[in-house]
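User: Please examine the structure shown below and answer a series of questions on its fold and packing.

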Amino acid sequence: MSSAAQFYLTNILVFFGVDLIAVWGLNLQFGVTGIVNFAFIVLQAAGAYTAALLTLGPSSGNGGFQHYFGGTSLPFPLPLIAAGLVGAVLSALLALLTRRRLRGDYAAMVQLVVSLIATTVAQNQSGFLNGSAGLALVPAPLQSIMNLTPLGYAWFYVGLTAAVCLIALVVVRAIGQSPLGRAMRASRDNEETAASIGLDVSRIRMTAYVVGGALAGISGALLVQYIGTWAPGAWLYPETFVYFAAVIVGGRGNVLGVAIGSLLINIAIVEVTRYIPQFGPAGFIDAMQWVVIGLLIMAFLWLRPRGIVPERARRYHLAGPAGASRTVSQQATDRESQTS
Amino acid sequence: MSLFVLSLGFGLVTASVLSVAALGFTLQFGISNVLNLAYSSFMTLAGFIAYWLNTQGLDIWLCLLVAAAATAILSLGLSRAVYEPFIRRGARSFEILIISLAVGVAVTNLLLAFIGPSGFSYPGVQNASVYHFAGLTLTSDQLVVIAIAVALMIGSHLLLTSTSIGRALRATAENSELARACGIATPRITRIVWLLSGALCGAAGVVLFLSISSFTVQSGQDFLVPIVAAAVLGGIGQPYGAMLGALVIGLASEVSAAFINPSDKEVVAFALLVLVLLARPQGLFAEAAHRREVIT
């Protein structure tokens, strides 16, 4: 494989890994718990800015052409961890903002507004995060001490991304299969019933906000340390919409499903259109990508609302009279046959 | 002080455009219960329909009428073809919200694909003269924008209070089951409100483009949050609340722009909205609007 092709491949793999971590975070919130968080992209952005600020060093570095607050240089895993923490804390704040019992769509609209405020502030406060130009020259982790060729380093980063993805996968699967995951699904499917059997719905939602926010923050940190730049243009509110598209198309609540959705929406649509010869006015294909994503969401919600790989129906085993494990549905059938 | 008065003028223009847009948005929400985030994309669409007609030599005021009528029909079509089928299938409210966002993104980007990102201005409107009075400085275009908004507000008020359709609209917004039990054909009222809100949306789009020197396919989209802010601030679904909300948002953002960094003016308006939502999710003027609205 030529080195150009390898660079291309490593780029796609890292981007896919970043998107995977983000959609798993969003899936935990939207797919599993049923929270519509339209400010999700802000959490990814916050993670990216955190990692950038914690690696760039003081603002006077690099000839002082960028203006930002509190830059330091922390060693490798710390910026990534800090990004996760910042994502989690901001996500908790978002949860508190909509803690009042706002109708689901109303709360989502509030977060859309928060997302726009965040973009406007980051763009206009030039001393805060270097304004609309954004941060550049973010150092890549361990690159200075590893002494690798650029291509070798790119493959190293693929490995790093894969490792973080694996951790994220373990976390979301563990939560999904735990009693907490069941409680999350219960509060999504029927809030009143969930509350009536003693589940603390707002606490369950807060957990989903925090874990999803941490994953979003980590995904942003991984991305910024690879591409080296981060600007407000990278996290406008329609970007949240793209992640929602991935979750809806892939299959809400299904870890594998949303991964496939992410591959299709975040990677395939962008990469395939790269090879379509440019036609029409400038920017025609880019704009049409958004049209396609919009139409895909509508088509899936109409034709296949549960996505490509639907969340599997769960059967919970209860201990039977003879100690044998029986499913709830089997018991229901038994009762029906007894009464008839 | 003079800076304050000057910014008040800008605030009035912004508030005028916003009041027309927010009125349409909130009326439609009050009746159909759909938070239609595609609204601002339809404003842009209307603005460009008027632009196209204007370049064909049609007078700008005729363009405004035609664009408003076209948007009314498109808006009804959107409801009939997209929202209603999903609602009949029992789609949840957040799914409708995502669908409306999908429609909005698709429409905006279709416009972007075929029109491109460059700026436009209406060719038929160039000879703006400037008027000064009481410290305010307004161009003739801005005065016309304010006049249109005031006329539309008065017209809507008369429609809501003095016609049987208006009374049926208010009854349906208040309690659609009770309205239906009283013999009001609520499906018909829903169709009428989509037409009405589409017409207001179209008018707001053209008026918005008239009030800014150069518009792009993004200009309407930038207006989405102020519209939502005005509607929510006034107690969503409340027509008079939306007018008041528009006035507050418009004036607050432009007046604050005179005293702080102008690019932060949106932040002030939005921060106001977030505070209101934290303290009173039902909006500032829910009660006031209730008293004036319901008891007749």
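User: In chain B, what share of the contacts with a separation of 6 or more comes from residues 24 or more positions apart?

Analyst: The model is predicted: local features need pLDDT of at least 70, side-chain atom pairs count only at pLDDT 80 or more, and totals for chains, interfaces and linings use all residues. Residues are numbered from 1 along each chain as its sequence is written, while chains are lettered from A and ligands numbered from 1 in the order in which they are written. Two residues are in contact if their C-beta atoms, placed from the backbone, lie within 7 Å. Among the chain B contacts with a separation of 6 or more, the share from residues 24 or more positions apart is 77%.

User: Which pattern does chain B follow along its sequence?

Analyst: Helices (H or I, at least four residues) and strands (E, at least two) are DSSP runs, numbered from the N terminus. Chain B has 12 helices and two strands. Read along the sequence, their pattern is α-α-α-α-β-β-α-α-α-α-α-α-α-α.

User: What is the radius of gyration of chain B?

Analyst: The radius is taken over C-alpha atoms, and the globule rule is 2.2 Å times the number of residues to the power 0.38. For 296 residues this rule gives 19 Å, and the value for chain B is close to that, so chain B is as compact as a globular protein of that length. The radius of gyration of chain B is 19 Å.

User: Which helix of chain B gives the most to the side that touches chain A?

Analyst: The contact takes 34 residues from chain B and 34 residues from chain A. On the chain B side, α4 (93-115), α9 (224-233) and α11 (265-279) each supply at least two residues. The most, 16 residues, come from α4(B).

User: How are α1(A) and α11(A) oriented to each other?

Analyst: Axes are lines fitted to C-alpha atoms, for helices over the stretch in contact, and angles run from 0 to 180 degrees between N-to-C directions. Angles under 35 degrees count as roughly parallel, over 145 as roughly antiparallel, 65 to 115 as roughly perpendicular and the rest as oblique. α1(A) and α11(A), the latter spanning residues 238-250, pack at about 70° with their axes 10 Å apart. The two helices are therefore roughly perpendicular.

User: Which residues of α11(A) make the contact with α1(A)?

Analyst: From α1(A), the contact is made by A22(A), V23(A), L26(A), N27(A), F30(A) and G31(A). The residues from α11(A) are Y243(A), F244(A), A246(A) and V247(A).
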